[in-house]
Amino acid sequence: MSELVGVYALWYREVKVFLRERSRIVASFVNPLIWIIAFGFGLGASVSFAGTRYIDFIFPGIIAMNVIFTSVFFGLYMVWDKRVDFFKEVMVAPLRRTTLFVGKMLGGCTDSLIQAGILLIVGPLLGIKYTAYALAVLLIFILLAAAGMVSIGLAIGAHMTSFEGFGLVQSFVILPLFFLSGALYPLDNLPIWLKSATYINPLSYVVDGMRGALLGINYFPIALDFSITLAFVVAMIAAGTLSFNKMT
Amino acid sequence: MVFQEPSSDELLTGYENLYVHALMYGVPKEERRKRIEEALELVDLKDRARDRAKTYSGGMRRRLELARGLLHRPKILLLDEPTLGLDPQTRERIWGYIERLASEEKVTILITTHYMEEAEALCDRVAIIDYGKIIALDSPGNLKMRVGKSMITARVREPNLDGIRALPYVSKVEEKEGKVTIYLSEAGAHIQEVLRYLGEATSVELREPTLNDVFLKLTGREIREESPESWVQRYSSVINR
């Protein structure tokens, strides 16, 4: 019971802070909106895949992008908590490290979900239509992807002591995950080396699952998308929990 | 536990800081609000409770953290250098709050500090730690007895040195260029008598030993090359109620 209240305490803090930082919320959906509009209408003027508008094609990809960026950076920002010594108070609290991790992770998921929600609301204004089924599948994949990505961020953040590593994480984790996921292009005709990279990228399955629900074009079976995403989330939560338990 | 560095969450308000703490430490739901308000009242932060901790001064953050440390009614409160880097007014106030905590909340407080006057003002028992070991542990009064001597320094035109030396409680007398220094036990009790014997003084200075003298005597005067170590290993002192 007290551990559950502890999870709530950590979650409460994250959500309070998030809702208070309005500039972060605005930035978080303006950025992907620019992507959708510039790529969707710009590139979409001369490109289309599988008989869909390009803007429809990349919409799930851009949502995934938004989830990766905000979630991983949310996790990394715990370096800031450690820096301002606020985290000390949390660390000495009579709570399990796993509880701290879960609370923070759920806080990050909530943030990501709110931001993705804003994009989902804006979607119809850009001519994107979804059925109730598509919306449900999208939300499930968004939530899973957020949980996995926040966990990666927290696992890395737990080991970091300064902000210097942020650029490295961006170059070696975030950008490869995004660009090699099929968010911007279909996986069909890729050269074999690129195709292999997308196959081992868990985000490919997230994007594929969302696109399948939205447009009915699946590259992998939806069951495979879901299972691999779930396995990825479980593995990342385990890695994050382990990092928190080892953190000093 | 109250840390040396400010450890309140600057993005939350004072009230929210305490609320999160109450949740983490399992304060029962019915009592949370009441205890938070009491704690804020105790450190005079009630009217700033709705402001973000970011807008607080260093002393206010300290007070907020003191209040936070009390929320879950601990039996022992650890304060790591509670007044480090604060101005004298704020330090006095913090001392006032600490004394209030000890007397009103009946909580045992363990303080680490580098300020000897702080230990002297607040603590019932003081431990001096040198190179990680406790080398003395006693009440401030008893510790000062170890240094023993009070000092009276006086400027006297024709000092009666022999008369002074004959007094039973005087242990040593020095004279230099018309300035007489008398070492004795408990100067306060004997100052009248000493001055009567001494002759006509133009200035008198009385100095009682302080914890600072005790500290220097016990640990020597050379500067310590300290490696970063855990706070418990530093000088610590205890208030016990």
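**Figure 1. The fold of chain A.** Along the principal axes, the C-alpha atoms of chain A fill a box of roughly 55 × 35 × 35 Å.

A note for all the views: this is a predicted model, in which local features need pLDDT of at least 70 and side-chain atom pairs count only at pLDDT 80 or more, while totals for chains, interfaces and linings use all residues. Residues are numbered from 1 along each chain as its sequence is written, and chains are lettered from A and ligands numbered from 1 in the order in which they are written.

**Figure 2. The largest nonpolar core.** A nonpolar core is a set of buried Ala, Val, Leu, Ile, Met, Phe, Trp, Tyr and Cys residues joined through C-beta atoms within 7 Å; buried means that 20 or more other C-beta atoms, placed from the backbone, lie within 10 Å of the residue's own. The largest core has 107 residues, and those with the most contacts inside it include I63(A), M210(A) and A67(B). Helix α3 (residues 54-76) of chain A gives the most to this core, with 16 residues. Apart from it lies another core of ten residues, among them I152(B) and L184(B).

**Figure 3. A close look at A145(A).** Which residues does A145(A) touch, not counting those up to four places away in sequence? They are A64(A), V67(A), V206(A) and T229(A), with contact meaning C-beta atoms, placed from the backbone, within 7 Å.

**Figure 4. Where chain B meets chain A.** The contact takes 16 residues from chain B and 19 residues from chain A. The model scores ipTM 0.87 and pTM 0.81.

**Figure 5. Confidence along chain B.** The mean pLDDT (the predictor's confidence in each residue, from 0 to 100) of chain B is 83, and 90% of its residues reach 70 or more. Over residues 227-241 of chain B the pLDDT is below 50. Where pLDDT is low, the predicted coordinates should not be read in detail.

Technical notes
Contact = placed C-beta atoms within 7 Å. Buried ≥ 20, exposed ≤ 12 C-beta atoms within 10 Å, placed from the backbone. Helix = DSSP H or I, 4+ residues; strand = E, 2+ residues; numbered from the N terminus.
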